[in-house]
Amino acid sequence: MSNKILEIRDVKREFIMGTETVRALKGVSFDVNAGEFVTIMGSSGSGKTTLLNMLGCLDKPTEGTYLLDNVNVKELSKDELAKLRNTKIGFVFQAYNLLPRTTALENVELPLMYNPLISSQERKDRAIAALQAVKLDGRFDHTPNQLSGGQQQRVAIARALVNEPVMILADEATGNLDTRTSYEIMSLMQDLNSNGKTIVFVTHEPDIAAFSTRTVMLRDGKVQKDTENINRRWAKEALASLPESDDY
Amino acid sequence: MKIINLILLAMKALQRNKLRALLTMLGIIIGVASVITMMSIGEGSKQSINNSLSSMGSNMITIMPQSNEPGGARIMGSSFKTLTIKDVDALKKNAAHIASISPLASSSGQSISGANNWPTTIQGVSPEYLDIRKLSVQDGIIFSEQDVKSSAKVCLLGKTVVDNLFPGGESPLGKVIRFGKIPLQVIGVLTPKGTSNFGQDQDDIIIAPYTTVQKRVLSSIYFNQIYASATKEDDSDAAVDEANTALRETHKLREGEENDFQIRTQAELMTMLNSTSSMMTALLTAVASISLVIGGIGIMNIMYVSVTERTREIGLRMSIGARGVDILLQFLIEAVMISVTGGVIGVILGISAAIIIPAMLNWPTVISEFSIIISFLVCAITGIFFGYYPALKASGLDPIEALRYE
């Protein structure tokens, strides 16, 4: 048994648009080990989003293999993919994607609703624990429009954590947030990572990528660079160095 | 997702859009309520027809004269002169399934008592008439066979006639009234029967021996009708056959020749009247069910809107592990819940209407469980049918596109 969470071998993805074939991924290979904090970077059109959909089991490769926790995704049916997403992946989106007019607690409970093995009491307990892990005690009954952007993203992270996934998959999770809040979220991510969570973070901001342990650079549907971050920054320190008078 | 959670989810979704849910339900509510109301009015009128017919005697057979001449101007059956006392005797002798028989010779005219007068109908009958028509004597006695033989100048009065000729409230028994020029002694008063289903006052009659009416009033040997009662309700058909044979014989009709009389049973009349009211009910129910269908289309419409509105929600649910069937059920249950809630409200409204209508409009209504079960089933099916396509659309969404839907 390896401790590889993701194993991507020569993955290709082609889309047929009318008569033309668009090759979004042209053979991508890399692994992610348990406990890593990997950023996937790339400019728009580099195949970043396609790769993300693939990693999130929302899409299947045209060619190549993708093993998630030793399961070959390509061989699974739609319903099996749904189950895989439910148990192994925690999504964090740029636009938070919380259900409107639904309390934070209910939003966090949502993934567990689709797991019939979990009782309603266990569901609630785990949702409360997840919200406490993202430091949102006392906000359980708040609906998304009663929460700030940063708080909403933390609810979304709690939702991603609640099913105890093997990997958290974040898509531009800080894209809608200001610098200070972004750093707060990254600090939370780093905390989760130090506690052993594997995180794959898609972004186009080099600034954010510096907080991770490794960066995979995509360009034109291929891996251009795959480097360990030597000068890893700590979000807590970055936060402390921000001028205090930011919010007035 | 567990069904109970899906139901809770649907309830929550409807609660969030209360007004919209209510407006969507409106079509179903109106449809179900009107189907139940229409069916209960139909059922009510059917039952009141049946009641009044059986109060007239369910084993009653009526024989009326009829023209057997083809062509020419058709005139009212009772103005043909084909039925005589010979027919009555023949029926008495040959028709084994006829229990009692009475001819009827009637005439309209003015009844007079002292200073009071009243236009009414005199019915010349035999004493059996009361049994056949389920009439009874409230005060006094019925005339005897002897009175019939002697064309006695005696009569029984209906309540309406009593009220008009004796407005002071004194007993008419023993008094002599006149019908036209003929003096008649009142020997009895009939028990009131009230208005018939066809709006006829059944108490506006004078009853006298048929001989008296034939000889003294009409100066005719013919009858307008012959009433008979079959031994049992089930024997009606046998009695009709016997009467048919007996009358053809007395009327000397050859084979192939048309009858110059007409025999009707109460059962036939009942079927005829019921078929009319059934048709009306069916028609009204059909109109009402159209609104059920329109209600269903309303549900379909709003579910499509709802699916489009919640595309991102669907995408999110899929990305965190909802299977297609989970999404399908979520929207299907929501649609069914709209239609079933509408159905419940409709049933309540329909039943209330069926209770209020008799009080306000004096129409009889009978609430049938059948109509409630049927309309309830129909609206559940409507919900499934019209909710299925939007739900299918939702479940077929691509999570990638749904998540990025603006």
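In the predicted model, 19 residues of chain A are in contact with 18 residues of chain B. The biggest share comes from α2(A), which gives 6 residues. Sorted by class, the residues on this side of chain A comprise 9 nonpolar, 4 polar and 6 charged.

The buried set consists of Ala104(A), Leu105(A), Asn107(A), Val108(A), Glu109(A), Leu110(A), Pro111(A), Leu112(A) and Met113(A). Their cover comes from both chains: it includes α2, α4 (120-133) and α5 (149-161) of chain A, and also α1 (3-16) of chain B.

Helix α7 of chain B spans residues 210-218, and Tyr210(B), Thr212(B), Val213(B), Gln214(B) and Val217(B) are buried in it. The elements covering these buried residues include the strands β2 (98-113), β3 (116-125), β6 (176-179), β7 (182-190) and β8 (205-209), along with helix α5 (145-149), of chain B. After α7(B) comes Ser219(B), which has a positive phi, near 50°.

How do the helices α9 and α12 of chain B pack, and at what angle do their axes cross? The axes of α9 (residues 266-309) and α12 (residues 369-395) of chain B come within 9 Å and cross at roughly 25°. An angle under 35 degrees counts as roughly parallel, so α9(B) is roughly parallel to α12(B). Their crossing is right-handed. From α9(B), the residues taking part are Leu292(B), Gly295(B), Gly296(B), Ile297(B), Ile299(B), Met300(B), Met303(B), Tyr304(B) and Val307(B). Among their partners in α12(B) are Val378(B), Cys379(B), Phe385(B), Phe386(B), Tyr389(B), Pro390(B) and Lys393(B). By class, the contact of α9(B) with α12(B) holds 14 nonpolar, 5 polar and 1 charged residues.

Helix α9(B) also packs against α2 (residues 18-55) of chain B, where the two axes come within 8 Å and cross at roughly 175°. The two helices are therefore roughly antiparallel to each other. This contact of α2(B) with α9(B) is made up of 18 nonpolar, 16 polar and 2 charged residues.

Ile351(B) lies in helix α11 (residues 324-361) of chain B. Is this residue buried or partly exposed? Ile351(B) has 18 other C-beta atoms within 10 Å, and a residue needs 20 or more to be buried, so Ile351(B) is partly exposed. Leaving aside residues up to four places away in sequence, Ile351(B) touches Ile36(B) and Ile367(B). Ser368(B) is 17 residues from Ile351(B) along the chain, and their C-alpha atoms are separated by 9.8 Å.

Terms used: Residues numbered from 1 in each chain as written. Chains lettered and ligands numbered in written order. Predicted model: local features only at pLDDT ≥ 70, side-chain atom pairs only at ≥ 80, totals over all residues. Contact = placed C-beta atoms within 7 Å. Helix = DSSP H or I, 4+ residues; strand = E, 2+ residues; numbered from the N terminus. Nonpolar A, V, L, I, M, F, W, Y, C, P; charged D, E, K, R; others polar. Buried ≥ 20, exposed ≤ 12 C-beta atoms within 10 Å, placed from the backbone. Axes fitted to C-alpha atoms, helices over the stretch in contact; angles between N-to-C directions. Parallel < 35°, antiparallel > 145°, perpendicular 65-115°, else oblique. Left-handed = near helix turned anticlockwise from the far one by under 90°.
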